[in-house]
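Open the model in your viewer and keep the selection tool at hand.

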Amino acid sequence: MNTHYRVVVVGGGVVGASVLYHLAKLGWTDCALVERDVLTAGSSWHAAGGIHALNADPNIAKLQSYTIDLLGEIGAESGQDVGLHMTGGITLAATPDRWEWLQSAYRTFQSIGIDDVRLMSPAECAAASPVLNVDGILGGMWSDREGYVDTTGTVHAYARAAKNRGATVIEHNRVLELHQTPEGWRVVTERGDIMCEHVVNAAGLWAKQMGRMVGLELPVAPLSHHYLLTETIPEIAAWDGEVPMIVDLEGFTYTRQDQKGMLVGVYELNPRHWMMDGAPWSYGIELLQEDPDRIEAELAHAFHRYPVLERVGIRNWVHGAFTFSPDGNPLVGPVRGLPGYWCACAVMAGFLQGGGVGKSLAEWIVEGEPEADVFGMDVARYGDFAANREYIRQTTGQFYARRFVMTYPNEQLPAGRPLKMAPAHDAMTAAGARWGASFGLEVPRYFAPDGFEETPSLHRPDATPFVTEECAAVREACGLLDITGFSRFEVSGDGAEAWLDGLLACRLPNAGRARLAPMLAEDGRLKGDLTVFRWDEGTWWIMGSYYLREWHMRWFDAHGGRGLVRDISDDVVGFSLNGPASRAILQEATEGDVTALPFMGCGTLDVGLVRAKVGRLSVTGELGYEIHCRASEHVALRRTLLRAGAAHGIREIGYEALNSLRLEKSFGIWSREFTQGYTAAETGLDRFVDWSKDFRGKAAAEGENPARRVVTLAVDSPDADAAGYEPVWRDGRMVGFVTSGGFGHTVRRSLAMAMVEADAATPGTALSVHVVGRECPAEVIPSSPHDPAGARMRA
């Protein structure tokens, strides 16, 4: 063991070994993996080792696909057999909604380039397995590249391949402490101190303790998980070939062949946490006592689905712990305020996702950014609120219990809620607000009468009439929207203007004005679609998406903003007025001259008793004003605006209406039309770029002639709307995918925005889109189907 390495990876499971391998593959060989016991001692050794294509986040599905491709390569490179059994796999559906969802998922896989999937009839499912009872099954989805690996062999293959490239593996050496130094980190181990520039928390069941060593409370918790191994099953022993992996979504079980029997795993509806503060340091290659009574209902369903189980004995129980994050996806990436400290933990499906996690994190460390858009597993998708123990318990338990339960686009899950609420939350609830959640904050989705209960659906929801009325209020009079759910960053101090000018790609506004502000990474890809306000000569605001608060603050801090930027999102809240009556309503509430505020202007007005910061802009495409106040003034501001608007037809609205209204204006949003995987030219944000100045990412972005572009589509779909990642076709060839969609309540058409090949982006081009699994005619239409000239918002 040396006393200095460039990177120390803590944890010898599949994730840590993969990170080490990918660092070495990128040329960083001065790296060491430090393991407290032996490789695999934790969760890796007893994992079922299944690999499959399905993931609710298409970007993570792509990384899973990368891992599957890598498994064969890593075995050959290392000379270590990974025990790869590519059996193929079937995901079963036994309800109409689930079958419809599988048909939709099949099309999503096509859109992201996973083309080894197909739909199956019940008879085809039965023919693929000698032990499967298809009673009640409506269909299934087959994937060629599903199967399982030898978990111990796979970890050793990653580690051996890393060592062959020059990296170091150190076993039987527990990390005791971590200390930040001016040069990086001092890693205190049982065998002495190691100095390093970067340290990676890949500690699995011990990730919680590794976080606490540096004052970090990670939102991760272990839960116990059962699977059983049967004795030999004659039908399997006589089968020609190997039985495929099968996931029974209604039965909460997964199965695969194990020797000549079966492995049956259960995600029960009654999960149990284990050692929420992290596993004991002495824990290793051990199992928990099985508890079959707790999974009795799920086992009964498994015995119905696989009747052979009633005739064979159980050879072994495996009851072990795995770590989970609140949404089940990994926690990966750098941590704000801890330079050189990286997370690679909560990788519940390590043998499926470990390759993609290792690749992405190694690229991040070595090259500064991962190749793929990995926000779905970025540790910065959570903030301090997620450190709460009860929040972690509720949300991780909810994910575990819903592992095989479909979540509808309009469904709101209850765990960890309500947590953060705007001051006027109770008043809005009394007015009929129905709530969603963003970064722990309750945000209004729509307003409905007492007694209304929304039915989860893949089709146009039964709350649609209320959203229609809210959209009409905005187009005809005025909609009042709670805008607490936007992030706000105050920028001030010496050097603030110069820093902003280099960070943002737009021309900075003059005092009293606002401007749309793309932000780019060095490679020219997007890092934000923001709005910058200049309230006076020395005070600026940056506004963006509330759920990106930690992500953006990490970016600001890492690129010169420390000491200049302050997150004021919890201190400053507000409401927006949207619609042709907005000016009259605001004028009635203030003695100031509202007409003096130009389009994209900003200033201070006394609104009732509130001294507010007001900007004239609206993402609805109508005349509008964003009115910001202190949190303690939120209730008073709402009362003032509702009172002033009573004679003008004012109506409270939610974000479902806002989504429809912005689609009618072809306004993109982050995580949909704008992501860190896209460029400004692809998305149309290049029209806001000031090419005459220097800014981060200019060299990579300048002169780009994109091969694909974001367009607006009118879709002929009578009862459902595209949501995202549905394939777009032209004459039978896939030319793109939907980025977002919904119903345009003003234009009375189903609309979608899509990323398509440039030669398919011309208005009038005939295309088709799969919506909830059904192919629907579509057409590229000119941007902004409502008020294309933008006269209404500039009125």
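Select helix H15 (residues 582–589) and helix H16 (residues 634–645). They pack at about 115 degrees, axes 8 Å apart. Axes here are lines fitted to C-alpha atoms over the stretch in contact, and angles run from 0 to 180 degrees between N-to-C directions. Helices are DSSP runs of H or I with at least four residues, strands are E runs of at least two, and both are numbered from the N terminus.

This is a predicted model: local features need pLDDT of at least 70, side-chain atom pairs count only at pLDDT 80 or more, and totals for chains, interfaces and linings use all residues. Residues are numbered from 1 along each chain as its sequence is written, and side-chain values use heavy atoms, without hydrogens and water.

Now show side chains. Which residues meet between H15 and H16? From H15 come Ile585, Glu588 and Ala589; from H16, Thr640, Leu641, Ala644 and Gly645 (contact: heavy atoms within 4.5 Å). Four of these residues are nonpolar, two polar and one charged.

Next, select strand E13 (residues 245–248). Met245 and Val247 lie on one side, Ile246 and Asp248 on the other. All four are buried (under 20% relative accessible area, 1.4 Å probe, protein chains only).

Strands pair if DSSP finds at least two bridges between them. Find Gly89 opposite Met245.

E14 is antiparallel to E13, with three bridges. Ile246 has Thr255 as its bridge partner. Finish at the hairpin of E13 and E14, with four residues between the strands: Phe252 takes a positive phi near 60 degrees.

Methods:
Nonpolar A, V, L, I, M, F, W, Y, C, P; charged D, E, K, R; others polar. Buried < 20%, exposed > 50% of the residue type's maximum accessible area, 1.4 Å probe, protein only.
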